[in-house]
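I opened this notebook to record what I looked up, one topic at a time. I begin with how a pair of helices cross, and then widen the view.

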Amino acid sequence: MRGLLIKDLKLMRNQKMFLVILILLGLVFLFTQDNSYTAIGYMTMMCAMFSVTTFTYDEIDNGNAYLFTLPFSRKDYVKEKYIFALTGCLFGFLISIVLSVITSVVKVQILSIPFEFGWMTVVRLSMVIASVCVLFVAASIPVEIKLGVEKGRIGLVIIMVIFFSGYYLIMEAIEIFGGKNPLVFFQKFMNFQMVTIAGIMVCIWVVVLGVSMLVSVRFINRKEY
């Protein structure tokens, strides 16, 4: 599995321009808005989506036919894709946090421009972002394996439409329960004990990813390369 991770990391290393564009767009969000929360969510999700595109590189020139002659099981291949995608989410989240801290210093300390960045809110927001990333990874990987790259693109579009529709509904719910300011909603949400909420969410993530991985392994075992 380590060899598969190295393979995907080297594939991503050849896509340096994506990282540059991601950072530039993140900075645009950070400098044009009064808070960092949109940029954190955007950059994390973009890294999650980009990590899933490694399936495309694997299938170029019927590459999977050669790839699966190497000494690893198809189950290991599936596990690596989940690990790599979730690592991509974490990478995007950490980059966005670093950029948010830098932007906060520049705007507040140097330019004297109001900018909202609170560590407690970021901690709360991270659980929401992690949930969205887990759901995206859990939905997209089985679709990519089942449909392949070409048809999988249509599936990913459908998944993104569902996610954006869900985002709209969540924002509507936030306005109902917290008014226009999402921080009010987070404050109400976090009136429960942090440890309890984190424990429940982690259990849900494990179950969702476990079911998704079982489905993906079943799909890939049925495919012929």
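Predicted model: local features only at pLDDT ≥ 70, side-chain atom pairs only at ≥ 80, totals over all residues.

**Entry: H3 and H6.** H3 covers residues 37–52 and H6 covers residues 74–110, and I noted an angle of about 150° between them, with axes 7 Å apart. Because angles over 145 degrees count as roughly antiparallel, I wrote down H3 as roughly antiparallel to H6.

I then looked up which residues meet there. On the H3 side I listed Ala39, Ile40, Met43, Thr44, Cys47, Ala48 and Ser51, and on the H6 side I found several partners, including Phe84, Ala85, Gly88, Cys89, Phe91 and Leu99. Sorted by class, this contact of H3 with H6 has 13 nonpolar and six polar residues, and no charged ones.

**Entry: H2 and H3.** Next I turned to H2, residues 16–32, which packs with H3 at an angle of about 160°, their axes being 9 Å apart. H2 and H3 are therefore roughly antiparallel to each other, and H2 passes H3 in a right-handed crossing. In this contact I found Phe18, Leu22, Ile23, Leu25, Gly26, Phe29 and Leu30 from H2, together with Thr38, Ala39, Tyr42, Met43, Met46, Cys47 and Phe50 from H3.

**Entry: cysteines.** How many disulfides does the structure hold? I found zero disulfides. I reminded myself that a disulfide is a covalent bond between the sulfur atoms of two cysteines.

Cys133 has a relative accessible area of 3%, so I noted Cys133 as buried, whereas Cys203, at 51% relative accessibility, counts as exposed. The cut-off for exposed is over 50%.

**Entry: the whole chain.** Finally I stepped back to the protein chain, which has nine helices and zero strands, and whose pattern along the sequence reads α-α-α-α-α-α-α-α-α. Of its 225 residues, 38% count as buried. Among contacts in the protein chain with a separation of 6 or more, I noted that 78% come from residues 24 or more positions apart.

Note on methods: Residues numbered from 1 in each chain as written. Heavy atoms only, no water. Disulfide = S-S within 2.5 Å. Buried < 20%, exposed > 50% of the residue type's maximum accessible area, 1.4 Å probe, protein only. Axes fitted to C-alpha atoms, helices over the stretch in contact; angles between N-to-C directions. Helix = DSSP H or I, 4+ residues; strand = E, 2+ residues; numbered from the N terminus. Parallel < 35°, antiparallel > 145°, perpendicular 65-115°, else oblique. Contact = heavy atoms within 4.5 Å. Nonpolar A, V, L, I, M, F, W, Y, C, P; charged D, E, K, R; others polar. Left-handed = near helix turned anticlockwise from the far one by under 90°.
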